[in-house]
Amino acid sequence: MKKGFVFLLLCAIIGIFIYNGSTINRSCDIGSQTYSGKSNNWKAGITFETENSNQTEFTLCYTGSNMKNVDLIGFDVDGGSFGFHLKDGELNKEGLFEFEAKIPLEDKIKSLEGTVHWNDHSETLTLLKKE
């Protein structure tokens, strides 16, 4: 009887981890954004709308396994002729950080370099432009 209970308990715990991981990854859809990239623990996407307003939509998503230990995050982007820095961002319960801003971008830039900073960690992402 004890073995059966332990087995069911282990199955429940594994199921919870699988469910939580798939929920986070499902909400990390950056496929529609102009620039996108990923690293070991993050996915990022940026869309620049340069027609009228230079409006920028930015999405950063944690894909790692320990979201509860992610405190404030920062993100640096280098586009060669421009760059921007985000500081003190917080993930929502799905592991997303999103914002909109007015950031001009030249259309000819094919890739952006981004670095995510959280706790005492950092990872670099290359965000490639979709053609």
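**View 1. F75 and its ring partner F58 in the predicted model.** F75 is buried in this predicted model, at 1% relative accessibility. The F75 ring forms a tilted aromatic pair with the ring of F58, with 4.9 Å between the centres and 45° between the planes. F58 belongs to strand 3 and F75 to strand 4, so the pair links distant parts of the chain, 17 residues apart. F58 is likewise buried, with a relative accessible area of 1%.

**View 2. The edge-to-face pair of F58 and F84.** F58 also pairs with F84, edge-to-face, at 6.3 Å centre to centre and 90° between the planes. Because F58 lies in strand 3 and F84 in strand 5, this pair ties together parts that are 26 residues apart in sequence. F84 counts as buried, since its relative accessibility of 11% falls under the 20% limit.

**View 3. The aromatic cluster.** One aromatic cluster is formed by F58, F75, F84, F97 and F99. The count of aromatic pairs comes to seven.

**View 4. The largest nonpolar core.** This core has 25 residues, and the members that touch the most others are W42, I46, L60, F75 and L112. At least two core residues come from each of strand 2, strand 3 (55-62), strand 4 (73-78), strand 5 (83-89), strand 6 (96-102), strand 7 (111-118) and strand 8 (121-129). Strand 2 contributes the most, with four residues. In soluble globular proteins, nonpolar side chains tend to be buried together.

**View 5. Surroundings of L112.** With neighbours within four places in sequence left aside, L112 is in contact with Y35, I46, F48, V77, D78, G79, F82, L125, T126 and L127. Of these, I46 is, like L112, among the core residues that touch the most other members.

**View 6. S39 in the loop between strand 1 and strand 2.** S39 sits in the loop that joins strand 1 (35-38) to strand 2 (42-49). S39 counts as buried because its relative accessible area is 17%, under the limit of 20%. The side chains of S39 and E123 make a polar contact at 2.4 Å. Apart from neighbours within four places in sequence, S39 is in contact with E123, T124 and L125.

**View 7. D71 in the loop between strand 3 and strand 4.** D71 is placed in the loop between these two strands. Not counting residues up to four places away in sequence, D71 touches G89 and N119. D71 and D88 are 17 residues apart in sequence, and their C-alpha atoms are 8.7 Å apart in space.

Terms used:
Residues numbered from 1 in each chain as written. Predicted model: local features only at pLDDT ≥ 70, side-chain atom pairs only at ≥ 80, totals over all residues. Heavy atoms only, no water. Buried < 20%, exposed > 50% of the residue type's maximum accessible area, 1.4 Å probe, protein only. Polar contact = N/O pair within 3.5 Å; in protein donor to acceptor, adjacent residues only side chain to side chain. Contact = heavy atoms within 4.5 Å. Core = buried A, V, L, I, M, F, W, Y, C linked by side-chain atoms within 4.5 Å. Phe/Tyr/Trp six-rings, centres within 6.5 Å; stacked < 30°, edge-to-face > 60°.
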